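Please look over the chain and its coordinates before reading on.

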Amino acid sequence: MKAAVRKNHKSPTGWKSYALGTAAIAALLAATACEPGAAEGSGDAKTSDRPSVTSSAKPDDEASGKPSETASGKPGGTASAKPGGGSGDTGGSSGNGGNGGRGTIAACTADDLGVSATQERVDSKDARHFLLIVQNAGDKKCNIYHYPYVKIGDAQGPTPVIKDSSPDPGKPVTIAPGEEAYAALLVAGGARDEYEAKSVTLTLHGSKLGSKAGGPIDVPMPGDTLYADDGQLVTYWTTASGSALDFIMSK
């Protein structure tokens, strides 16, 4: 029994070392726990991990306003692939007279047109009613506007127009190669101040009402002399000759 007791008290320093070591470890753990930012750092790491996963997937998408590939497949989508629609047309057919939707149809010029005139009621001795004819002699469609400025002989001004003779007010008449447009001309309406006329000219109207396009064009008329007066009238252009003549034949 004494030997056992003696054996138990034989290494008192071992217990002290153990106790001191345990105390040191406890103090070290306490010091570590109390260091600023240790617990907060671990929380921050978790907190910062969440947004970094989302924000790093597509940087600057929201800030730049660019659409994400998830929403449209490709930035801009099909709207930017073919401006103006899938057909690729650059112009509306209603605004260009049916030129395939590709660009605006140009105005007719003197170089594009063949000009002639026929007397209506050829057997009539009263040469007062005429049909002015322009034919597209070019290789492309062209637009002819409003009505012709007609000057008969030495008249001071152009022949007055019959305002309600326009088939489609404000819109040009489109003529394809080989096609014709017509305007009816009444040389004399039975008014006073009759005069002899040796020539008739027409000037094309510009697209804007009241404007002119080019200079006067000589119109070959049947006979050498016309007898005109202040009752002369002309109609708007149309592609229907009979429709134009209806406005003057009763006069």
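This is a predicted model: local features need pLDDT of at least 70, side-chain atom pairs count only at pLDDT 80 or more; totals for chains, interfaces and linings use all residues.

The protein contains six helices and 10 strands, and 28% of its 251 residues count as buried. Among contacts between residues at least 6 apart in sequence, 74% join residues at least 24 apart.

**The sheet β1-β2-β5-β10**

- Four strands in the order β1-β2-β5-β10 make up an open sheet with antiparallel pairing, and its edge strands are β1 and β10 (233–234), each of which pairs on one side only.
- Strand β1 (residues 113–119) has a covered face made of L113, V115, A117 and Q119, while G114, S116 and T118 make up the uncovered one. In a regular strand the side chains alternate between the two faces of the sheet.
- Strand β1 is joined to strand β2 (residues 129–136) by seven bridges, and the two run antiparallel; within this pairing V115 stands opposite V134, and S116 stands opposite I133.
- On to the next strand, β2 and β5 pair in the antiparallel sense over seven bridges, with F130 having L185 in β5 as its bridge partner.
- L185 also has a bridge partner in β10, namely V234, and β5 is joined to β10 by two bridges, the strands again running antiparallel.
- Because six of the seven residues of β5 are buried, this strand is largely enclosed by the rest of the structure.

**The sheet β4-β3-β7-β8**

- A further open sheet of four strands has the order β4-β3-β7-β8, and its pairing is antiparallel.
- The edge strands here are β4 and β8 (212–218), each pairing on one side only, and neighbouring strands of the sheet are turned by 40 degrees against each other on average when direction is ignored.
- Three bridges join β3 to β4, which run antiparallel, and the bridge partner of C142 in β4 is I175.

**The disulfide**

- The count of disulfides comes to one, and it joins C108 to C142 with an S to S distance of 2.0 Å. The link of C108 and C142 is right-handed, with 90 degrees about the S-S bond.
- This pair links distant parts of the chain, since C108 lies in the loop between α5 (69–72) and β1, whereas C142 lies in strand β3 (residues 142–152), 34 residues apart.
- Are the two cysteines buried or exposed? C108 has a relative accessible area of 5% and so counts as buried, and C142, at 3%, is buried as well; the cut-off for buried is under 20%.

**Nonpolar cores**

- The largest nonpolar core has 33 residues, and those with the most contacts inside it are I144 and I152.
- The elements that give two or more residues to this core are β1, β2, β3, β4 (173–175), β5 (180–186), β6 (195–197), β7 (200–205) and β9 (226–228), and β3 gives the most, with five residues.
- Leaving aside residues up to four places away in sequence, I144 touches C108, L113, V134, P172, V173, A181, L204 and W237. Among these, C108 is one of the two cysteines of the disulfide, and L113 belongs to the covered face of β1.
- A second, separate core of 10 residues includes L131, I133, A184 and I248. In soluble globular proteins, nonpolar side chains tend to be buried together.

- Where is R192 found, and is it buried or exposed? R192 sits in the loop between β5 and β6, and because its relative accessibility is 74%, R192 counts as exposed; the cut-off for exposed is over 50%.
- Residues up to four places away in sequence not being counted, R192 touches D229 and D230.
- R192 and A228 are 36 residues apart in sequence, and their C-alpha atoms are 9.6 Å apart in space.

Definitions and conventions: Residues are numbered from 1 along each chain as its sequence is written. Side-chain values use heavy atoms; hydrogens and water are left out. Buried means under 20% relative accessible area, exposed over 50%, partly exposed in between (1.4 Å probe, protein chains only). Two strands pair if DSSP finds at least two bridges between them. A disulfide is a pair of cysteine sulfur atoms within 2.5 Å. Contact means heavy atoms within 4.5 Å. A nonpolar core is a set of buried Ala, Val, Leu, Ile, Met, Phe, Trp, Tyr and Cys residues joined through side-chain atoms within 4.5 Å. Axes are lines fitted to C-alpha atoms, for helices over the stretch in contact, and angles run from 0 to 180 degrees between N-to-C directions.
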